[in-house]
Amino acid sequence: MAQTSIPKDQKTLKQWANILGYSGTIPFISLAVILLLDASSTTPAASGPAASGLAASALHLYGAIILSFLGGLHWGRIACNPDIKPSDKWFLIYSVIPSLMGWSSYLLSDIWQGAALMLIAGFIISYVIDIRFIRLGAWQSWMKPLRTDLTLIACVSLTVLLLH
């Protein structure tokens, strides 16, 4: 089966999206590793629980920020599209939900151990919605593997936070 060729400008855009997208996983991965190392340590680290608490808080906050970004993708999609329909208002409404989920989960993180579940749920819901747009052709097809990988990395990292 012959592969369809991607125009050069699309290849460049895809490369930049991959570079920037995977770079954005650095805080997820590094903070999750810090939490894992802290949990597996038999002796208290030199910086102790303060470093672990800071890493947990930073990971939760970063997850909330990135979840907000995912909602913003839909706001931008509608704002830039001249062919919108009245029913697209639902996507504008949806687009603020991830940021509200992230903000709420961060606020609750000091009093509810499961607050990271809100972030994980938000990432999964955003992924399902975004994959639908990819299948409908509203977004580039190269977004699917990127969104899949980035969502998996975010959810695994946030699971480490949840279990910490």
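A nonpolar surface patch is made of residues with over 30% relative accessible area and no salt bridge, their nonpolar side chains being joined within 5 Å. In the predicted model described here, one such patch, of about 860 Å², is made by Trp 75, Trp 90, Ile 93, Val 96, Ile 97, Leu 100, Trp 103 and Leu 107. Helix 4, which spans residues 89–108, supplies the largest share of this patch, with seven residues. Ile 93, one of the residues that make the patch, is placed in helix 4. The relative accessibility of Ile 93 is 42%, so this residue counts as partly exposed, a class that lies between the limits of 20% for buried and 50% for exposed.

The secondary structure of the protein chain consists of six helices and zero strands. Read from the N terminus, the order of elements is α-α-α-α-α-α. Along the principal axes, the C-alpha atoms of the chain fill a box of roughly 55 × 40 × 25 Å. The chain has 164 residues, of which 34% count as buried.

Helix 2 (residues 26–40) and helix 6 (residues 143–163) have axes that come within 9 Å and cross at roughly 25°. Helix 2 is therefore roughly parallel to helix 6, since angles under 35 degrees are assigned to that class. The crossing of these two helices, helix 2 and helix 6, is left-handed.

Two salt bridges are present in the structure. One of them joins Asp 130 to Arg 147, with 2.8 Å between the closest N and O atoms. This pair links distant parts of the chain, as Asp 130 lies in helix 5 (residues 115–135) and Arg 147 lies in helix 6, 17 residues apart. Asp 130 and Arg 147 are both buried.

Technical notes. Residues are numbered from 1 along each chain as its sequence is written. This is a predicted model: local features need pLDDT of at least 70, side-chain atom pairs count only at pLDDT 80 or more; totals for chains, interfaces and linings use all residues. Side-chain values use heavy atoms; hydrogens and water are left out. Patches are made of residues with over 30% relative accessible area and no salt bridge: like charges are joined within 9 Å, nonpolar side chains (Val, Leu, Ile, Met, Phe, Trp, Tyr) within 5 Å. Accessible areas come from the Shrake-Rupley method with a 1.4 Å probe; for residues, only the protein chains shown count as cover. A salt bridge is a side-chain nitrogen of Lys or Arg within 4 Å of a carboxyl oxygen of Asp or Glu. Helices (H or I, at least four residues) and strands (E, at least two) are DSSP runs, numbered from the N terminus. Buried means under 20% relative accessible area, exposed over 50%, partly exposed in between (1.4 Å probe, protein chains only). Axes are lines fitted to C-alpha atoms, for helices over the stretch in contact, and angles run from 0 to 180 degrees between N-to-C directions. Angles under 35 degrees count as roughly parallel, over 145 as roughly antiparallel, 65 to 115 as roughly perpendicular and the rest as oblique. A crossing is left-handed if the near helix is turned anticlockwise from the far one by less than a right angle, and right-handed if clockwise.
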